[in-house]
Amino acid sequence: MEKLNHIQGSIVSIPVNDIDTDQIIPARFLKVTDKEGLGKAAFCDWRYLEDGETPNPDFILNNPAYQGASVLVAGDNFGCGSSREHAPWALLGAGFQAVISTDFADIFRNNALKNGLLPIIVDADTQQQLFSLADEDPSTTVSVDVEAQTLTLPDGRAVSFPLDGFSKYCLLNGVDQLGYLLALDEEVQAYESKHPRRVATTA
Amino acid sequence: MTETGKPRTLFEKVWSAHTVRDQSADSPAVLYIDLHLVHEVTSPQAFSMLRERGLRVRRPDQTIGTMDHSTPTTPRNALGIIPVADAMAAKQLDVFSQNCSDFGIPMYALGDEHQGIVHVIGPEKGLTQPGMTIVCGDSHTSTHGAFGALAFGIGTSEVGHVLATQTLLQNKPRTMAVNVDGALGDGVTAKDIILAIIAKIGIGGGTGYVFEYRGDAIRSLSMEGRMTVCNMSIEGGARAGMVAPDDTTFEYISGREHAPSGAEWDAALANWRKLPTDDGANYDEEITIRAEELTPMITFGTNPGMGMPITAAVPMPDDEADYNKKIALDKALTYMDLRPGQKLLGKAIDVVFIGSCTNSRISDLRQAADFVNGRKVAEGVRMMVVPGSQQVKRQAESEGLDEIFRAAGAEWREAGCSMCIAMNGDQLQPGQYAVSTSNRNFEGRQGKGGRTFLASPLTAAASAIAGVVADPRRMLN
């Protein structure tokens, strides 16, 4: 995972509540055995017309003015539904570095953080302000400071967002959690010696 | 209770018995995982990561694989083989076979006598037991909570963590008691309970919580019914749902392939009986539903929280005070091509799907078969019945259920996720309406442009016969 400390980028909004991971990446794209090529299928059924190829001119991500946006502002409860990690892979593949919402589904939030896609939780007023800003001026940019846990709006207002210390450490240092768990091998062995396995699938 | 005598919830007991390291200000808890279920769709990148880092699977003996998501459910050919027409799916299944073989993980391949949906085979093989921690790269892992296990879905990175270390980093969730008191009326089932709960709290209402389902109505459910309820916890935002184990649980487990036996059974039983929440234990949140007020439920919109009693009318967006919710409702009704205030009863349908990890177990199939026995699926309606596992399929066939379904004009399929996920050839055509016993009515979930009404197997069977959305209570013998 790459280190992530600062994000400076333009915003694009999809002001829809409860965007589920089936919308972010439909199941028919989950037959891959790697993480490649999912970006072009992000929001596939909203982004393309019925043929699955022709861009839907009414969908915001196809609007030329918003090309290159790296921060997605979404409605409440983003990423609900399926646990597919293909959702953050697709969003990263589509060029996003952060998603802003009032709330994220638990599994999506975990998956995003493990891939360096930053989920930023803001209050409803800030969310509405960002919807309006994105709508009025496609060149609106925001900046994010991971260390300080702040999102700075074009008017200079810095909004704090929550981020657990462990995820923050991993993002800032570009390390993943597996290394941490592997280093606990002795503790896991000690646990296993006191807790015999409950079932044996190989029996 | 602990030595200090502080009353604890079922969740707290299971959680604290599995913490290798407690949560601190700096890091989440490290939770030990008793059972890891893997399938072909969310595991390949995790196995690739193991290879890149030169890691082994720490506990293949606590891991089991099955093929379910991308597998076709078309009948076997003359050689007894289920052909996989989709080249990408075939490759994914091959990669999965190779991964399980290379890393020593027992795996049930497509068509194997033990193969089936991951959340159906765990319980039916006796692998799912009270007090365990169980994970899988699938959000419906919450199903296993029906046994008093702490079971939840994880992403592919976490699949890799569990494969390599048998542990997970987890922040401790909050607890919510979900009380369902009283008795269910005729024609009202476990599926209606959970659809009513989600309609009440909303699709994000349980985010950050583990549910514990309690009350007479939950106690009176079979294990299959409890699995249906726990299965859809995630549709209310909760990663896990649990039911305290009782004699119904123990009776279900007893004698199954991986169930303890003899003295081990007695020891296990003594431990399992200590799991239910102590009197006086506190939950962070509590809600209560009266079972006798419940009716058959159906969804009208594009997420599982958009549900209502089957006799009700589709809500009016203009009545919605919250602007964003109004927009969401408008968008959902447009996709579903439904009018505000419209009743769904009598709405013509194209497909009925009975299956998925929510409702594909033997009791679900018995209920549906009993309803369609001697009746005919309405002209122009396609009814698919997809057993959750090969074992369920054999059991159903031994009881003649397949013949009842075929005689009624329904399709009897091989086991798998089928039209719940629509990545295996089973899918709706654009614009079609389906009454489905699965768990998600998201846009395109059952096929691009397809429209899903979620309901119980009984409501689905009644609708198949009527050819329209139908209230099973009006057609019960």
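Biologist: Which residues lie nearest the centre of the largest pocket?

Modeller: In this predicted model, P196(A), R198(A), P130(B), N271(B) and W272(B) lie nearest the centre, out of 32 residues that line the largest pocket.

Biologist: How much space lies in the largest pocket?

Modeller: The largest pocket holds about 950 Å³ of space.

Biologist: Which elements give two or more residues to its lining?

Modeller: Those elements are α1 (10–16) and α10 of chain B. The most comes from α10(B), with 5 residues.

Biologist: And what is the lining like by class?

Modeller: The lining of the largest pocket has 15 nonpolar, 9 charged and 8 polar residues.

Biologist: Back to α10(B). Which of its residues are buried?

Modeller: In α10 (residues 262–272) of chain B, the buried residues are W265(B), A268(B), L269(B) and W272(B). They are on the same side of α10(B), because they cover an arc of only 100° around the axis.

Biologist: What do the buried residues pack against?

Modeller: The buried residues of α10(B) pack against α9 (247–253) of chain B. On the other side of α10(B), A263(B) and D266(B) are exposed.

Biologist: A change of topic: where is V469(B) found?

Modeller: V469(B) is in the segment after α15 (457–466) of chain B.

Biologist: Is V469(B) buried or exposed?

Modeller: V469(B) is buried, since its relative accessible area is 2%.

Biologist: Which residues does V469(B) touch, leaving out those up to four places away in sequence?

Modeller: Its contacts include I298(B), I310(B), L344(B), L345(B), V435(B) and F453(B). The C-alpha atoms of V469(B) and A434(B) are separated by 9.2 Å, and the two residues are 35 residues apart along the chain.

Definitions and conventions. Residues numbered from 1 in each chain as written. Chains lettered and ligands numbered in written order. Predicted model: local features only at pLDDT ≥ 70, side-chain atom pairs only at ≥ 80, totals over all residues. Heavy atoms only, no water. Helix = DSSP H or I, 4+ residues; strand = E, 2+ residues; numbered from the N terminus. Buried < 20%, exposed > 50% of the residue type's maximum accessible area, 1.4 Å probe, protein only. Contact = heavy atoms within 4.5 Å. Arc of directions from axis to C-beta. 1 Å grid on protein atoms, 1.4 Å probe; cavity = no way out; pocket = protein on both sides within 12 Å on 5 of 7 lines; lining within 4 Å. Points joined across faces, edges and corners; volume = space filled by probe spheres on them. Nonpolar A, V, L, I, M, F, W, Y, C, P; charged D, E, K, R; others polar.
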